[in-house]
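Me: I'd like to learn how to read helix packing in a model like this one. Could you walk me through it?

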Amino acid sequence: MVEFKMPSLGADMKAGTLIEWRVGEGDYVEKGDVIAEVETEKGAIEIEVFEEGQVTKLISKPGESLPVGTVMAVIGSGVDSEAEAISKRDRETVVAADGVKTEHKGNGYKTAETEDIPKRRVRSSPLARRLAEEYGIDISEVQGSGPNQAVQKADVERVYRERMKEREEAKKEADKDREEEKYAEKAAPAGQQVDEKKDSMRHAIAAAMSRSNREIPHYYLQKQINFERAQQWLIEENKRRSVQDRLLQPVLLVKAVAQALTDVPALNGFWINDRYQPGESIHIGFAISLRTGGLVIPAIHDADLKSIDEIMQSMKDLSDRARTGKLRSSELTDATITITNLGDRGVDLVHGVIYPPQLALVGFGRVEERPWAENGMLGIKPILTTTLAADHRATDGRQGAQFLEKLNQYLQEVELL
Amino acid sequence: MEAKVKTTSTTYRGAVRQAIRQALLDDERVFIMGEDVGMYGGCFAVTKGLIDEFGPDRVRDTPLSESSFVGAGIGAALTGMRPIVEIMTVNFSMLALDQILNTAATLLHMSGGQFNVPLVIRTTSGGGKQLAAQHSHALEGWYAHIPGIKVLSPATMEDAYGMLKPALEDPDPVFIFENSLLYNSTGELLSHPESVDIDKAKIRREGRDITIITYSISLLKSLEAAKELAKEGIEVEVIDLRTLRPLDDDTYLQSIAKTHRALIVDEGWRSGSISSEIATRIMENAFYELDWPVQRICREEVPIPYAKHLEEAALPQTKQIIEKVKEMVNAHG
């Protein structure tokens, strides 16, 4: 028996609204199947399931707004376990309704996913376990400071204090928002409807970016990359290809970033609970701005393992679906780094804001012809200005510089990518 | 205004002697017997002078035969006397074990409740005096294994004095262990001392960070360690068990509910000991209070060596306690 819960599709998501179930009771689901469509601040998202089995019970009803962590369905078999799940759901809903935010390691789904694999046994003192239960804290989310990283009382209390503080802040923020809304209502001319969906996405971006600038000590590095060889290779390569198979420049950037991350893994992952947590894979978040305003950052999974063509395919697919609002939950939550490419908007360079809890953001400006001195010769070359914004808690300038240098190397030898 | 409590300075030995003397004065059924308790004044000079005051009938020298004089003590107790039998050291109590275990501890049961044995046995225990492997035992825990007897281990002046009376008043056999290294320790005793409650352990020092559960001479070492640790801001709660059978579980369990860490310091060997018993009871009753595995400091599991430095290494020491406490408390860096 497995409980299917409302996943967190980002650190700032508190709840989602079930639009429709894509499965029925009795259906058999496999890992990766889309089980439901949920409306979030980021638009309508297709939610995948990470378990295998028969859907025994659909608990939530379409239209319901469900706090993150709410048990929405039960997958598996057995009548008794069903009742258990429902009672647990009630408990958890209460906690969520209280406003205690559920912390996730990178994303809500990871925890569900790991239930497939034998779950990591958490070392903890009996007291820590008891307190965690009393405080409604999942002990597997607490970093232990005891022997062999055992979780102790002090660790649980630390997390509890942090949550209380967050809750306090969230409340303050909500109060502030209400205040602002009041003013906005007064200010907005009568009859002018604010696009609610757009508004909530703006709100989510605001929250994430505020948190980033509040918490993350950014450092910025910048490098000019001679893009001549890459450009030429792309032109030659595309000549040989049919129109629909042609490659776009960002593909090279994504692949080169993924490749450089295999050399400098310190930039790939998360900063959670005051600790660096390496990303298990390289999932590259690619910022896509929407015509309707706002942006989404779906992830290109395992970009280091994918071929250029596979990445091209993913990017096409993602940008199509991003614009129709049919992204999948996993794509929105598990990026381990973000790329933002504003070159096509004409800017020279980007000083990015890291998407928490990620560790870095790579920004690309436009490729522009510039005077370029090399080997004592002055020439005109297409130059790409690349920037790295990175979290100074996790890495130092040395790693950042290494990364940019590797990125440069890969872009000089794109044919090897 | 509260009247000032009058105390006198005394030694542990003096406190025990004072208690025996008071018992002899208070109750004519009380007498003491053992090897050299009379003419010689006791191997550790505890009974010195008593024979002059009370005469050889009430302060009786016995032959070197533990089995026979403990047996005689049981007989006397059964026939209405209140004997205090002194066995010179716990090492020699082995010779009387049959009397203690098979007779004193079981007679009430074997007689269907007809014959209780109001016997008090006093003996010395412990190592640390370079008396080598045969004469350095600390077997309090062994005796605490036996249903039917009570096992007391006074470590302070007030207990050295105050435990004898309730022991004599107890209807069943009571075994009192005096650590011989304590005899010369000095302290204050009330000018009119009182008996103590032998059913309760006692918190000898209050603290919030960790509970040390101990008894007898290890109490002194633990208190010394606690004093040192306090200088570094570690507040140790030190519990003197005082009575090893029956154990007062409530006192140490309540303390652990406060500190969440428990260290047992026991001069006995580790395996199958009173320390293992206490650790088990903590698991059984306070598991969800624990923030750290229960730890023990016991004597090394070897025959106690004669050489001074080796003997010191084999017995629990203050430094060891300090280090262990730091390890257990400083986990959060």
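Reply: Happy to! Let's start with handedness: in chain B, helix α11(B) crosses α12(B) in the right-handed sense. Keep in mind that this is a predicted model.

Me: At what angle do α11 and α12 of chain B pack, and how far apart are their axes?

Reply: Look for residues 249–259 of chain B, which form α11, and residues 274–286, which form α12. Their packing angle is about 65°, and the axes are 11 Å apart.

Me: Which residues make the contact between α11(B) and α12(B)?

Reply: From α11(B) come D249(B), L253(B), I256(B) and A257(B), while α12(B) supplies R281(B), I282(B), N285(B) and A286(B). Sorted by class, there are five nonpolar, one polar and two charged residues in this contact.

Me: Now another pair in chain B. Where do the axes of α10 and α14 come together, and how do they cross?

Reply: Here the helices are α10, residues 217–231 of chain B, and α14, residues 318–329 of chain B; their axes come within 9 Å and cross at roughly 50°.

Me: Which residues does α10(B) bring to α14(B)?

Reply: α10(B) brings K221(B), S222(B), E224(B), A225(B), E228(B) and L229(B), and they meet T318(B), I321(B), I322(B) and V325(B) of α14(B). That contact contains five nonpolar, two polar and three charged residues.

Me: What does a pair in chain A look like, say α7 and α10?

Reply: In chain A, α7 covers residues 249–263 and α10 covers residues 397–412; they pack at about 130° with axes 8 Å apart. That angle makes α7(A) oblique to α10(A). The two helices cross in a right-handed way. On the α7(A) side, L252(A), A256(A), V257(A), Q259(A), A260(A) and D263(A) take part, facing F403(A), K406(A), L407(A), Y410(A) and L411(A) of α10(A). By class, that gives eight nonpolar, one polar and two charged residues.

Me: How many helices and strands does chain A have, and what share of its residues is buried?

Reply: Chain A has 10 helices and 19 strands. Of its 417 residues, 39% count as buried. Among chain A contacts with a separation of 6 or more, 64% join residues 24 or more positions apart.

Me: What scores come with the prediction?

Reply: Chain B has an average pLDDT of 96, with 98% of its residues scoring at least 70. For the complex, the predictor reports an ipTM of 0.77 and a pTM of 0.56.

Notes
Residues numbered from 1 in each chain as written. Chains lettered and ligands numbered in written order. Predicted model: local features only at pLDDT ≥ 70, side-chain atom pairs only at ≥ 80, totals over all residues. Axes fitted to C-alpha atoms, helices over the stretch in contact; angles between N-to-C directions. Helix = DSSP H or I, 4+ residues; strand = E, 2+ residues; numbered from the N terminus. Contact = placed C-beta atoms within 7 Å. Nonpolar A, V, L, I, M, F, W, Y, C, P; charged D, E, K, R; others polar. Parallel < 35°, antiparallel > 145°, perpendicular 65-115°, else oblique. Left-handed = near helix turned anticlockwise from the far one by under 90°. pLDDT = per-residue confidence, 0-100. Buried ≥ 20, exposed ≤ 12 C-beta atoms within 10 Å, placed from the backbone.
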